[in-house]
Amino acid sequence: MKNTIFGILIGMLAMIATLLIVTNISKVDTKTTKEVSVSKIDAKKDYVYTSVTEKRTLEKGTDFEKEITANVPYININTSAIKKINDEIETYYNKIKSDPINYLNMKYEYFINNDYLSLVLTTIQESTTSPSSDSIVFTYNINTKTGQLVTNDELILSKNTTTKVVYTELLKQIAERSEPDPEFKDNSNDITLDRIKAIVSELQISTPMYLNDKGNLSAIVDTEITTIQNGRYIEKYDLGL
């Protein structure tokens, strides 16, 4: 079954003609051989730091409560492109914060690899009126020499590889993770040909990428793209490139 799926996936790669630009984010400060050369807004602070930490207690009914923590990142780089990102993050946080029903759990990590800073911001929105939660990951990649955003294509080029190689590996990993559990009677997680077509289409327009703590190209995929199941969550794929 797995070999059949992978064979179909490889065949579908011929359909991928162009990839839409997607931006990306992350925090684990790894060692790098090159110094970041853009100027900081605050010279005494790291290139990414926590600007706001807020803890709230989420209560659902009378017998359940949970502490929700939001750590809001601030990118400490003095360019207009980065200012726009910081403003977007702050606006998103304030919008949820002002909602009395929804609570925002926010965490981040960042990585510096040569001339690239990658920031990965994970948010989990929970509600006092619903047992489910909604996860969204925002990623931003920044050229540390220019302070400008970097596209997926530029990241792929920096790894001396091609989009076909990248998406072949990504689709292979998706197929491997999507094999149905033999003990689970509902086979809704099995990928059909129609589902593969939908995955290929979605991946072209909604695949945030970043360089992780190993310096490898990584991708983030929403399970709503790859599976049919109740709820949703985010999966990270280390492509090993």
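Tutor: Start with a rule: two strands pair if DSSP finds at least two bridges between them. Strands (E, at least two residues) and helices (H or I, at least four) are DSSP runs, numbered from the N terminus. This is a predicted model, where local features need pLDDT of at least 70, side-chain atom pairs count only at pLDDT 80 or more, and totals for chains, interfaces and linings use all residues. Residues are numbered from 1 along each chain as its sequence is written, and side-chain values use heavy atoms, with hydrogens and water left out.

Student: Which residue in β7 is the bridge partner of Y210?

Tutor: S218 is the partner of Y210. β6 and β7 pair in the antiparallel sense, over 3 bridges. They form a hairpin with 5 residues between them. In the turn, G215 has a positive phi of about 80°.

Student: Which residue of β8 stands opposite S218?

Tutor: D238 does. β7 and strand β8 (residues 234-238) run antiparallel and are joined by 5 bridges.

Student: How many residues of β7 are buried?

Tutor: Take the cut-offs before the case. Buried means under 20% relative accessible area, exposed means over 50%, and partly exposed is in between (1.4 Å probe, protein chains only). In β7 (residues 217-222), 6 of the 6 residues are buried, so the strand is largely enclosed by the rest of the structure. Both faces are covered. L217, A219 and V221 lie on one side; S218, I220 and D222 lie on the other.

Student: How is a pair of aromatic rings described?

Tutor: By the distance of the centres and the angle of the planes. Rings of Phe, Tyr and Trp (its six-membered ring) pair if their centres lie within 6.5 Å. Planes under 30 degrees apart count as stacked, over 60 as edge-to-face, the rest as tilted. The structure holds 3 aromatic pairs. In one of them, Y92 and F138 have ring centres 5.1 Å apart and planes at 70°, so the pair is edge-to-face. Y92 lies in helix α2 (residues 80-97) and F138 in strand β5 (residues 130-143), so the pair ties together parts 46 residues apart in sequence.

Student: Is F138 buried or partly exposed?

Tutor: F138 is partly exposed, at 25% relative accessible area.

Student: Which residue forms an aromatic pair with Y210?

Tutor: F111 does, and the pair is stacked: 6.1 Å centre to centre, 15° between the planes. F111 sits in strand β3 (residues 102-113) and Y210 in strand β6 (residues 209-211), 99 residues apart. F111 is buried at 3% relative accessibility. Y210 is buried at 4%.
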